[in-house]
Each structure stands twice: as C-alpha cells, then as structure tokens.
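Subject: Structure handover

Hello,

Here is the structure you were going to look at, with notes on what was found in it below. Please read the notes with the model open.

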Amino acid sequence: MALRLVCTCGYVVQGVDDDEFCSNVQAHLAVLHPELVGAVTREDLLAQAEVLALGSALQQPPVHGLQGGAGRDPQLGAEQDS
Ligand SMILES: [Zn+2]
C-alpha cells in the first residue's frame, strides 16, 4: 500500500509499500534531520503517513530510492602521484 508523509521541512516522502516508505523516510532523516535518526520509530512513521488512494498509486511508476545517496562522502582511494 502506497504511503506518503510530508516532512516538517516540507519534503514529501513516498513509498510504494511500508518497507520502501520507511527506508525513504530514514534516508531523508539521515540527510536533513540527523538528530531524528533513531528517535522516530517505524510505527511513528506509519502512524503519521498518509495512505495514497490505490488508483493514483497504480498510475505512478515505482519510486526507486529518492536520492538516498545525498550527503554520502565516498572516500575511495584517490590516485596519488608521489
Ligand atoms: Zn525533512
């Protein structure tokens, strides 16, 4: 069942099911609200989520990880000329 939550910052988080929704919310929190990571439970998220009408949910393509990588800082071994 598709879910949606409008964050206090105005960001809209969606997911096609509970698992995707929660992981998308956690990814958003990790980037913009790190102080809330771990403080908000899955039950809290689902309780506040808005259930999208089935018809409109079916017309939307599945959301594949909303820029979950933002804020990540890949520390791959940089080439070094020495
Ligand atoms: Zn937010």
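The buried residues of helix 1 are covered by, among others, strand 1, strand 2 and helix 2 (42–48). This is a predicted model, in which local features need pLDDT of at least 70 and side-chain atom pairs count only at pLDDT 80 or more, while totals for chains, interfaces and linings use all residues. Residues are numbered from 1 along each chain as its sequence is written.

Helices (H or I, at least four residues) and strands (E, at least two) are DSSP runs, numbered from the N terminus. A residue is buried if 20 or more other C-beta atoms lie within 10 Å of its own, exposed if 12 or fewer, and partly exposed in between, with C-beta atoms placed from the backbone.

Helix 1
In helix 1, F21, C22, N24, V25 and H28 are buried. They sit on the same side of helix 1, because they cover an arc of only 160° around the axis (the arc is that of the directions from the helix axis to the C-beta atoms). An α-helix has 3.6 residues a turn, so residues three or four places apart point the same way. With 15 residues, helix 1 reaches 21 Å from its first C-alpha to its last, close to the 21 Å expected at 1.5 Å a residue (the expected span is 1.5 Å times one less than the number of residues).

Sheet
The order of elements from the N terminus is β-β-α-α-β-α. The 3 strands form an open antiparallel sheet in the order 2-1-3; two strands pair if DSSP finds at least two bridges between them. Strand 2 (12–15) and strand 3 (50–51) are the edge strands, each pairing on one side only. Strand 1 (residues 3–6) is joined to strand 3 by 2 bridges, and R4 stands opposite E50. Helix 1 (residues 18–32) packs on this sheet, touching strand 1 and strand 2, and its direction makes about 150° with that of strand 2. Axes are lines fitted to C-alpha atoms, for helices over the stretch in contact, and angles run from 0 to 180 degrees between N-to-C directions.

Of the 82 residues, 15% count as buried. The largest nonpolar core has 8 residues: A2, L3, V13, F21, C22, V25, L45 and A49. Helix 1 gives the most to this core, with 3 residues. A nonpolar core here is a set of buried Ala, Val, Leu, Ile, Met, Phe, Trp, Tyr and Cys residues joined through C-beta atoms within 7 Å. Leaving out residues up to four places away in sequence, A49 touches L3, R4, L5 and F21; contact means C-beta atoms, placed from the backbone, within 7 Å.

Regards

Notes
Contact = placed C-beta atoms within 7 Å.
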